[in-house]
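Here is a short report on a complex. Please view the model alongside the text.

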Amino acid sequence: MVAAPHTGPPRTRRRSGPARPSGRGPARAGRRPRAGRSAWAAFALLTAPTLIGLGAFKYVAIGWSFLLSLSDARGTIAPGRWVGLDNYLTLLSDRTFRASLGQILLFTAFIVPVTFAASLGLALLVHRIRRGRAVLRTAFLIPAAVSYVAASLLWKMSLFNGLPTGIANTVAGWFGMEAVPWLQTTSPPLYWVVLVTLRLWLQVGFYMVLFLAGLQGIPQDLYEAAALDGAKGLRLLRSITLPMLRNTSVAVLMLLFIAAFQAFDEFYNLFNSGLSGTGAAPVQTPLVHLYNTAMGSQDYGLGSAGAFVLTALIVGVTLIQGRFTGFGRKEG
Amino acid sequence: MSAHRTELSRRRFLGGSLMIVAGGVVTTACSTNPGADASSSARTTLNVWYHAYGEAGAQQAALRYATAFTKAHPDIAVKVTWVPGDYTAKINATLLTDAAPDVFEIGDFSDALARRGQIAALDDLYGSARSDFNDNAIAGVTVDGKLYGVKMIDDVMMLYFRKSRLTEAGITPPTTFDELVAAAKALTTKTGKGLFLGNDGLGDSPILAVRSNGADLVADGKVAFGSPQALEALTGLRRLHEDKSLLLGYTTDWWDPSALTQDVVPMQWCGLWAMPAVKTALGDDFGVLPWPAFKAGGSPAVRVGGWTSCVNAKGRHVDAAKKYVQWLWIQESGLQKDWAESYGFHVPPRKSVAAGAEKLSGGPARETVELAAKYGKPNPGTWDTAVSDAFRAAAAKIVGGQGDPAQIMAEAVDRAQTVVDKQRG
């Protein structure tokens, strides 16, 4: 999907070269209006369900939410008591929300490169082996199908619980370490171990598959040509594989950024203590904070304002990233 | 971009279909319509929500009450929905929609619901029974002079301890905070901790600490947990953490007695509701205590929570809903007694019903009821998620030793005061 352009230039030229002048041009020009109309009809027919769905369930909701963000909407989702930018000001002056923004930036700065490197590394390894590739690929992809909630419960109750009999503590015990409450230890912040391993386990397989698709799209003759020139090992990786994976990498990077900023599930489920919520959690992502604001305190105006602040942040980061990595730019 | 879309739609699709399946399971499993036979003649169907009580038999009892009500009022059918998970969030979200329940219970009554006009005033339901409710039950649901709910049960939360474990260690049940810290430390061994307050290491303890040193949480719309006494007691909690005497990250949280009954800890903060389960597991080998006074001049504390029945003011069947609440929680004292003592133990908020509850009349259950009468305090009505989160987050930082306690608390007070002002204004 993402890697398609790589294979593009040489092959298309070869294929379309001789076929072009065989009188197709004028015939197509003559049919264009009718084809256009029926094409439009087909386009409308095929996209209408999605567009209507998107419009009704996404854009109307987004617009509504924007109106709410400008209203005093506590215990109601009817906009109308306009307060201008009050909600935004309240939110940005709220230390907890600002702290949550800081924490998510930190989290992103860490998890994105780590996930990226891990999935690229795995993809390179899996791509190289000859036997059992499909089995390995499936094995790594399966966690991507596990829900964050299920995985969080597994991590919290079985792997990283605070008892000496927890799996992580048992393993640590073999090396003579004392049993620790992983999620509750704030100095050093051991809870990050739980959060990061969980996200890696769930995500790496999926991005590995994207990289694998990219790797399979790299024409073999490039490697052969390079081999003839005497290139091998790291040189091949640096000069052929990585540059040819650029588009895949850029897309993966963008997806990782967005996924990191939207982190909610594992933060909520790992720290949620049922009746008392996530108020005392050592780290709150912006979405967790907003969830508590909207669903707990029923302040939907403030919650909506936060959603827009977060969206602005994601859009901003994506644009900056696009500028630096050249996402969507045509292949030179 | 295409990859992103595929990923999202895959997730959404899975999520969506799971939700549909789960919804189906929930509707078939949890919401039953006992009035179904009678519903051919019933003109209205009331939708009644309960949070998922953990004790066996509670759900069946709720259904039985509903059937009995329909028998007494053939024109009103009752559909009981048993709601697992984050009950507060679900209630809050559903109240904005047409699917909102007509009657629902809330734990720790929140004034904000009444001030926003989401629940109906129920003064006229009480009649002469009003004086029969205990003071906390009336004061707790009073907002601007009107009663906005009927207290169904009082839940008392207190400290359980294993008598035998304490005797083995040569410890007497702690009566001061210093003794509690010492006992928790002495009972901590290489394989087990001494005290379980909650998986996050806090549970109710910040609230109890404040109360045990003569301080208050919110008084007359003024946030009071920033007072020097409150700060002193909260900072004191740090000792339990520094000693590493607290059980953290257990598989069930403090409101479930498993840690105590499975001999993982010898002391646990839990509730009266768990007493039948504790008794089954430990026999007579347990006792109950209040949270001890922080120091001389302070007072022991127990928390009184519980559940309150409310009527959705914007529902379609407000009158029928009122009739249901009046019938079940004011008239039918037999059912109230059944609800309070037949499944988990709870204290009936009506004095006459409480006096007749045999199972609460002896042993540790009786002691708990007495503790509640003597030291029990409910959370203030302004104690909503935002206020509680501000307080708990600050307490977590203080006991974790991150930063200057006074400054952390001052910031939390500011945040909480803004919320309280908004609620009242």
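## Basis and confidence

Residues are numbered from 1 along each chain as its sequence is written, while chains are lettered from A and ligands numbered from 1 in the order in which they are written. The model is predicted: local features need pLDDT of at least 70, side-chain atom pairs count only at pLDDT 80 or more, and totals for chains, interfaces and linings use all residues.

The complex has an ipTM of 0.78 and a pTM of 0.81 from the predictor. Residues 1–8 of chain B fall below 50. Beyond near neighbours in sequence, that stretch makes nine contacts in the model; two residues are in contact if their C-beta atoms, placed from the backbone, lie within 7 Å. Residues 32–39 of chain B also stay under 50, with 21 contacts beyond four places in sequence. Where pLDDT is low, the predicted coordinates should not be read in detail.

## Nonpolar core

A nonpolar core is a set of buried Ala, Val, Leu, Ile, Met, Phe, Trp, Tyr and Cys residues joined through C-beta atoms within 7 Å. Buried means that 20 or more other C-beta atoms lie within 10 Å of a residue's own, with C-beta atoms placed from the backbone. The largest core has 197 residues. Met208(A), Val302(B) and Val325(B) have the most contacts inside it. Helix α8 of chain A, residues 191–216, gives the most to this core: 13 residues. Helices (H or I, at least four residues) and strands (E, at least two) are DSSP runs, numbered from the N terminus.

Beyond four places in sequence, Val302(B) touches residues including Val156(B), Met158(B), Trp291(B) and Tyr375(B).

## Domains of chain B

An automatic or database domain assignment sets the bounds. Domain 1 of chain B spans 30–155 + 305–377, and domain 2 spans 157–303 + 381–424. Their centres, taken over C-alpha atoms, are 28 Å apart. Domain 1 puts 25 residues into the contact and domain 2 puts in 24. On the domain 1 side, α16(B) supplies the largest share, seven residues.

## Chain B against chain A

Here 36 residues of chain B meet 34 residues of chain A. On the chain B side, α1 (2–30), α3 (87–94) and α17 (385–399) each give two or more residues. The most, eight, come from α17(B).

Definitions and conventions:
pLDDT = per-residue confidence, 0-100. Buried ≥ 20, exposed ≤ 12 C-beta atoms within 10 Å, placed from the backbone.
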